[in-house]
Amino acid sequence: MTLNLSIRPFTPHDYPAIAHVRSTVWPDNPVLPQTLRNQDERMKPGLVLRRLVAENNGRVVGYANFSHMEWMYHPQKFWTNLLVHPEHQRQGIGSALYEHLMNELRAFDPIKLSASTREDKSQALRFMQKHGFKEEFRAWESRLDLAGFEPEKWAGHIQKVLRDGYEIKSLAELEGDPQREREMYALDLECSRDVPLPPGEAFTFPDLERYWQNARANTNFRPEMWFLAVKDGEYAGVSQLFARPADHDLNTGFTAVKPTHRRHGVALALKLTALEYAKGQGKTAVRTENAQVNRPMLSINERLGFEKLPAWIDFAKVLKGEA
Ligand SMILES: CC(C)(COP(=O)(O)OP(=O)(O)OC[C@H]1O[C@@H](n2cnc3c(N)ncnc32)[C@H](O)[C@@H]1OP(=O)(O)O)[C@@H](O)C(=O)NCCC(=O)NCCS
């Protein structure tokens, strides 16, 4: 069929079409239209998100967007995303979307663009190279199949932590604690400093109010799936799970233990609690994503039997100065 391409701004009617494109490009990470809408609606007011869709003969066959990154905010740095439906690749649609995206970006005087793809996507890797993006950072997504996970075998690791004076409770169970929101926030804030980031980047951590506004507005947030280790009222560690409404897995959010409580088995016990919960809910697997340089977290996940999928590679295109 001949190409009859047009590129136009995204409208909310396009959510089903872009969810379909994304789920076809990444079949092992399917997404629902309402999840994409929820992500967009949670953007911090004032930050920029622009999206374009490519239509061929009236059908959406690809899309591209750029947005500020709330958690690594710089007014001239943008996260970019460009996807073309596999049946419509190698026809110049990606290049056309890229050209339009760069034109729209110009008004924001960008100094750095970031983008991500996976090491097994050879065409996407070539596309990045061709457009001047350079590799910056690698992370592994890994998956633990719950059919082979036997909680009984690990029970001793949870009991040890309980014997050491920690309580393990979900955020839902901690509802009666008036310090719950402050404690969870303080834990995340302190531990986020130790999470590896791409070179030259730093977390721009939200304030308490924005932190909870963002968490509560996330339709995949479930207070009963955030597991906390509490000692003498202090929230010492956390391991979070999030829903994945498009399949039967769960995603891991942040797993973290305050520096003064590390190497006591707290993270291992929290992850075991999360895995046992997921299995009890009849889920098929738990996913997680870790920087390849995060040896402490990778060690725990490897020990638990998480299997690595092809690595995600973050790329950057520096447009001005050192960025
Ligand atoms: C990763 C982290 C949660 C581990 O917490 P922890 O409570 O200290 O971990 P545990 O005590 O349960 O460790 C269990 C096992 O994991 C491995 N491990 C933990 N920390 C390690 C380290 N720094 N180096 C190597 N192995 C490590 C060890 O095998 C350890 O068993 P051992 O102490 O008997 O040798 C903690 O270092 C942290 O909060 N880091 C910053 C936040 C972060 O990066 N989170 C992950 C984001 S993806």
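Domain bounds here come from an automatic or database domain assignment. With that in mind, colour residues 5–110 as domain 1 and 141–311 as domain 2. Before you go on, note that this is a predicted model, where local features need pLDDT of at least 70, side-chain atom pairs count only at pLDDT 80 or more, and totals for chains, interfaces and linings use all residues. Residues are numbered from 1 along each chain as its sequence is written.

**Stop 1: between the domains**

The centres of domain 1 and domain 2, taken over C-alpha atoms, sit 30 Å apart. Look at where they meet: 10 residues of domain 1 are in contact with 13 residues of domain 2. "In contact" means that the C-beta atoms of two residues, placed from the backbone, lie within 7 Å. On the domain 1 side, the touching residues are six nonpolar, two polar and two charged.

**Stop 2: the largest core**

Next, select Ala229, Val238, Val266, Leu270 and Val286. In the largest nonpolar core, which has 33 residues, these five touch the most other members. Such a core is a set of buried Ala, Val, Leu, Ile, Met, Phe, Trp, Tyr and Cys residues joined through C-beta atoms within 7 Å. A residue is buried if 20 or more other C-beta atoms lie within 10 Å of its own, exposed if 12 or fewer, and partly exposed in between, with C-beta atoms placed from the backbone.

Which helix gives the most to this core? Show H8 (266–280), which gives nine residues, the most of any element. Helices (H or I, at least four residues) and strands (E, at least two) are DSSP runs, numbered from the N terminus. A second, separate core has 25 residues, including Leu52, Val61, Tyr63 and Phe66.

**Stop 3**

Show E8 (226–231) and E9 (234–243). These two pair in the antiparallel sense over six bridges; strands pair if DSSP finds at least two bridges between them. Trp226 stands opposite Gln240 in E9. In their hairpin, with two residues between the strands, Asp232 takes a positive phi near 50°.

For a parallel pair, go to E4 (residues 77–84) and E5, joined by three bridges. Lys77 stands opposite Lys112 there. Five of the seven residues of E5 (residues 112–118) are buried, so this strand is largely enclosed by the rest of the structure.

**Stop 4: around the ligand**

Select the ligand and its shell of 21 residues; the closest are Val257, Arg262, Ala267, Leu268 and Pro296. E10, H8 and H9 each supply at least two shell residues, and H9 has the largest share, five. By type, the shell divides into 10 nonpolar, seven polar and four charged.

**Stop 5: Arg143**

Finish on strand E6 (residues 134–145), where you'll find Arg143. Is Arg143 buried or partly exposed? Arg143 is partly exposed, because 17 other C-beta atoms lie within 10 Å. Leaving aside neighbours within four places in sequence, the contacts of Arg143 are Ala285, Arg287, Phe306, Glu307 and Leu309.

Terms used. Ala, Val, Leu, Ile, Met, Phe, Trp, Tyr, Cys and Pro count as nonpolar, Asp, Glu, Lys and Arg as charged, and the others, Gly among them, as polar. A residue is near a molecule or strand if its C-beta atom, placed from the backbone, lies within 6 Å of it.
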